[in-house]
Amino acid sequence: MTTEQYHGRSRRLGVRRRLSAAFTAGVIATAAVLIAPQPAAADTPWLDVSADRYATFAVPAAYVQENLGTVSQVVVEGNFGPSASWAEFGLTRRGDVWSGVLGALEPGLYNYQLTADDTLTIKDPTNSTGVASNPLLSTFFIAGDSARWLLDAPAGTGGKIETLTYRTRNAQRSAVVWTPPGYAAKGSKGYPALFLQSGDGVAATDWLDLGRSKQILDNLSAAGAMSPMVVVLNNADASDDKELKDLRKAVTDNYRVLRDPAHQAIAGVSDGATQALRAALTRPGQFGYVGWFSGTSAPTIDRKDAKAINRGVKLLRLYTGNVTDPAHNPTYRLTKALGRADVRFEFDGVNPDGGATWTTWQENLVDFAPRLFRHVADHGPSPGHTQFKGEFNPPPAGTTPTPFVTEDGFVTFETTTDFADAQHVTVWANVAPGGSWLRLPLTRDGDRWRATVGPLKPWFYYYRLIVDRVAVKDASNPTRVTTEPTWSTFFIPGPGARLLADVPAGRGGTVESMTYTSTVAGQDRTALVWTPPGYDPNRAQPYPVLYLQHGGGQNYTDWVEMGRAKQILDNQFLDGDLTPMVVVMGNGNSSNFNSELRENIVPTARTRYNISSDPSQQALAGLSMGGGQAFGVLRAYPGEFAYVAAFSAGFGSGTGVDVAAINDGTKMLRLYVGDQTDFVYPSFMASLTTLDNLGIRYEFDGVTPGPHGWDVWQKNLIDLAPRLFKR
């Protein structure tokens, strides 16, 4: 989450994220209490994380009812969003549970809480993990190479966590201290020390519970990647240098640490970064090593002090996340100010995939700690990090249609002034892994609500506003979806989305409306028909034809408005991958689809277009309900369509199936399904067993990563279309 979202969440919950002078008295009596799990209050876990990184949530409706009353929605709030930002994952009421599957998630540490109707929040009582500064949060860890530094070290090999109590300004305060493996209270050799500061909205204990600092330090130590040192985790007050002085004295009085500045380092996040930088710039020589992690303000830098600063500070290294990090612009301005003042510094580069989150700060610590108190040859940015392009400032409120999309995939959403009195506004969009849906919180900005999220990969996105639990169309976005009036869309171009992009004007095919009389519905209905570039209605050889069906709750417009069928077919045709064909997208909302297709849609299409009636030149495909309809035609009329495909649909039972007729009359039966987030996945896999047992030949190339949604079905069409009508 961004710093603003972090603060807003804390205010809404009534939780003070910064702990007062008594925070350790009530929260950290001993190190054991700090890391001990809380007892579970229920037997069946609400969260299951699979080996392939899918998180399945199942919250008993009875528990919600008993503790929160009757509610209309339940979401899992956590750091699931782009750049590990705070987002809401909506659960669906299925029988006696609220459930949902999210993934595949990137390796790392996740924290979450359960919230109903925007304001009623509970902790997962079946998860024994906790966050000392916020009793509502639970955590879970997903292992992977990119998160290897966050793993627990083998028992007995890591450092130790202790609590240090000290006095400052006649008040008792506490800090958390990590000592390295092999550290002993007595000995002739002293250790260097790193003071790792918290910041505004961040508690010192968060460095352990959310920052995984113990695991990072343990693993770096075990790998010989850092010098042995003592690390002090404490709450920063950017305006109180005396408290920092008293803490340093307490540390040197109680631990074997070296007192000289060359063996003292300081770093911090937010206000902690401000305090660290001020120590380097206004009183050079206090600390030999200084780290700025997402700092948001800096003291004035006077060029006349540059010589003293450069002499006293061996390393000043700056870190920031991308444009969603409030530190992005201040850090950019800081680099310019340091350069003008001739103060030496290093810049780790802009983390392109990190905001003001613990995921970013974990990476900062992994990079910073090995640079302390030793010679380091590499002084450049971390791999994959980028240089500044300048400050990021989205257009002023109300000056541009939304969303505002940058060339590198950052998207600024903004409401109109119609919701000035709203209490909770989110953007519900297909931005989760694979195209699943998350609700991204917006922040009140005057009489509007606004947020910048990203980076989003190049692709086609659709969204709606959720205002106080009511779905609302983004009135500033002129796009429309016929069957979903509250949806809006936008497209992020790029190599990964090339087939979804518009082709140059005049080079694509044509989409026309075809009206036909439905004897099943008893009324005139409409289909959309794509004809390829250069379509010749008088060509001697009729064109092959694909009948492409939509899903439940949709209509004939959806494959064009949401599926990007025109763009996909246009691009594949121009690439030379597509056999010239006609594609008919009919209305599948029918009480008898077999009759609707065979007696109404197909005859009308043959009358209006130069298409073949030869079964070998006919294909039928559909998604979800449309896939089920394709299976239904295959079962009832095997051989009428030589090419059949189903996207996210099940075959059904094996009774009454003419296996020989299907195998003899079908050149290709190709099947597709999303991953575990696709709710038809279990029934689909059962269908494969049915087909195997029957002996029906089919093609299945594995799951398409993503949910029961357009991200999956677009990819299915991209795969299917070039396979049709090929020898």
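**Helix H8.** I listed the buried residues of H8 in this predicted model. They are Asp-271, Gly-272, Ala-273, Thr-274, Gln-275, Ala-276, Leu-277, Arg-278, Ala-279, Ala-280 and Leu-281. That makes 11 of 11 residues, and the helix spans 271-281.

**Helix H13.** Next I looked up residues 565-574, which form H13. Eight of the 10 residues are buried, and I put the helix down as mostly covered. The buried set is Ala-565, Gln-567, Ile-568, Leu-569, Asp-570, Asn-571, Gln-572 and Phe-573. What covers them? I found helix H12 (558-561) and helix H18 (710-720) among the covering elements. Strands E28 (523-531) and E30 (582-585) are also included. After H13 comes Gly-576, with a positive phi near 80°.

**Strand E23.** I then turned to residues 448-453. Six of the six are buried, so the rest of the structure largely encloses this strand. In a regular strand, side chains alternate between the two faces of the sheet. I checked each face of E23 and found both covered. Arg-448, Arg-450 and Thr-452 lie on one side. Trp-449, Ala-451 and Val-453 lie on the other.

**Partners of E23.** Which strands pair with E23? Strand E19 (residues 411-414) does, antiparallel, over four bridges. There, Val-411 sits opposite Val-453. Strand E22 (residues 443-445) also runs antiparallel to E23, joined by three bridges. I recorded Arg-444 as the bridge partner of Trp-449. E22 and E23 make a hairpin with two residues between them. One turn residue, Gly-446, has a positive phi of about 65°.

Definitions and conventions: Residues are numbered from 1 along each chain as its sequence is written. This is a predicted model: local features need pLDDT of at least 70, side-chain atom pairs count only at pLDDT 80 or more; totals for chains, interfaces and linings use all residues. Side-chain values use heavy atoms; hydrogens and water are left out. Buried means under 20% relative accessible area, exposed over 50%, partly exposed in between (1.4 Å probe, protein chains only). Contact means heavy atoms within 4.5 Å. Two strands pair if DSSP finds at least two bridges between them.
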